[in-house]
Amino acid sequence: MSSSKTTFPTSTWSSGSSPAGSITCNELAGCFGRGVPAGANQQRKDMRLFIAIQLNDEMKEALAGLQQRMRDQGVQGNFTRWENLHLTLAFIGEYPDPEEVKDVLETVRFEPFPISLDGMGSFGNLWWAGLDGSDALRSLAKGLRRALAEAGIPFDRKKFSPHITLVRKAYCRGRAIPEEVLREPPRGGMVVDHFSLMRSDRGKHGMIYTEL
Ligand code: 2AM
């Protein structure tokens with residue numbers, strides 16, 4: 001699927017209110033926007049940010065089923081919880097101004113496109129589910145990374161390699177994904193109709209991802 005230069009609508013992506021107790025975007029804009037008043041007595045508060053595609057229940061069910069088959073085969077590790085299953089498009093890391101990032105995302109050309117699960121793989125002891133290498137997915141990642149770069153917003157420049165993390169610090173016998181699991185790859189798909197700016201916080205029981 002290639003992208004036409006003239007027909008894309010503006011991007012659609014979710015916005016929501018700040019979690020209770022966090023600094024608001026307006027406060028942040030006041031702190032770090034252009035033209036901060038000299039002597040402004042406000043604290044800088046970075047947030048760990050990334051941009052992701054949220055998965056629908058059908059995809060999550062397929063992935064949770066796969067995780068269960070892994071457990072059944074004796075795989076141990078930090079399994080990604082249901083609510084945290086996602087597909088990262090770009091990782092920004094610590095950054096103080098989510099509103100600025102949202103403004104940049106608004107400029108990214110986007111139109112809905114399908115994705116589907118496609119096999120499994122690993123980066124060391126991190127095991128993941130793959131996605132078909134659709135042109136639309138890659139061009140979205142490319143477009144939004146270009147927009148971030150042009151706006152001077154830092155992000156991890158590692159090559160985009162579409163994956164959904166299933167388990168970190170995975171361990172099972174010889175550390176390879178068991179044959180029994182590989183024999184039954186997950187199946188499922190969805191239409192991507194938006195992408196989201198996400199905030200990541202370390203909670204008592206693991207990472208908490210919040211859509212901003
Ligand atoms: P992952 O996609 O391989 O699981 C929030 O941390 C999300 O951003 C996770 O999905 C995470 O990895 C991804 N990510 C990409 N680059 C990262 C980096 N350099 N540091 C932490 N997380 C990163």
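A residue is buried if 20 or more other C-beta atoms lie within 10 Å of its own, exposed if 12 or fewer do, and partly exposed in between, with C-beta atoms placed from the backbone. The model is predicted: local features need pLDDT of at least 70 and side-chain atom pairs count only at pLDDT 80 or more, while totals for chains, interfaces and linings use all residues. Numbering starts from 1 along each chain, as its sequence is written.

**View 1. Gly-119 in strand β4.** Gly-119 lies in β4, where strands (E, at least two residues) and helices (H or I, at least four) are DSSP runs numbered from the N terminus. Gly-119 counts as exposed because 12 other C-beta atoms lie within 10 Å. Leaving aside residues up to four places away in sequence, Gly-119 touches Gly-130 and Pro-185; two residues are in contact if their C-beta atoms, placed from the backbone, lie within 7 Å. The C-alpha atom of Gly-119 is 9.8 Å from that of His-163, a residue 44 residues apart along the chain.

**View 2. The five-strand sheet.** This open sheet has the strand order β2-β6-β5-β4-β7 and antiparallel pairing; strands pair if DSSP finds at least two bridges between them. Its edge strands, β2 (76–79) and β7 (189–192), each pair on one side only. On average, neighbouring strands of the sheet are turned by 35° against each other, direction ignored. Axes are lines fitted to C-alpha atoms, for helices over the stretch in contact, and angles run from 0 to 180 degrees between N-to-C directions. Helix α2 (residues 57–72) packs on the sheet and touches β2, β4 (113–123), β5 (126–131), β6 and β7. The direction of α2 makes about 15° with that of β6.

**View 3. The β2–β6 pair.** Strands β2 and β6 (residues 163–171) run antiparallel and are joined by three bridges. Gln-76 has Tyr-171 in β6 as its bridge partner.

View 4. A second open sheet, with antiparallel pairing, has the order β3-β1-β8-β9. At its edges are β3 (86–95) and β9 (206–211), each pairing on one side only. The twist from one strand to the next averages 30°. Five bridges connect β1 (residues 47–54) with β8 (residues 196–203) in the antiparallel sense, and Ser-196 in β8 is the bridge partner of Ala-52. Helix α3 (residues 98–105) lies across β1, β3 and β8, at about 150° to β8. Helix α4 (residues 135–151) lies across β1 and β3, at about 10° to β3.

**View 5. Residues around the ligand.** Around the ligand are Phe-50, Thr-88, Phe-91, Asp-156, Thr-165 and Ser-200, each with its C-beta atom, placed from the backbone, within 6 Å of the molecule. This shell divides into two nonpolar residues, three polar and one charged. Here Ala, Val, Leu, Ile, Met, Phe, Trp, Tyr, Cys and Pro count as nonpolar, Asp, Glu, Lys and Arg as charged, and the others, Gly among them, as polar.

**View 6. Ile-51 in the largest nonpolar core.** The largest nonpolar core has 45 residues, of which Ile-51, Leu-89, Ala-129, Leu-144 and Leu-166 touch the most other members. Such a core is a set of buried Ala, Val, Leu, Ile, Met, Phe, Trp, Tyr and Cys residues joined through C-beta atoms within 7 Å. Not counting residues up to four places away in sequence, Ile-51 touches Leu-89, Ala-90, Leu-144, Phe-195, Leu-197 and Met-198. In the protein chain, buried residues make up 25% of the 212 residues.
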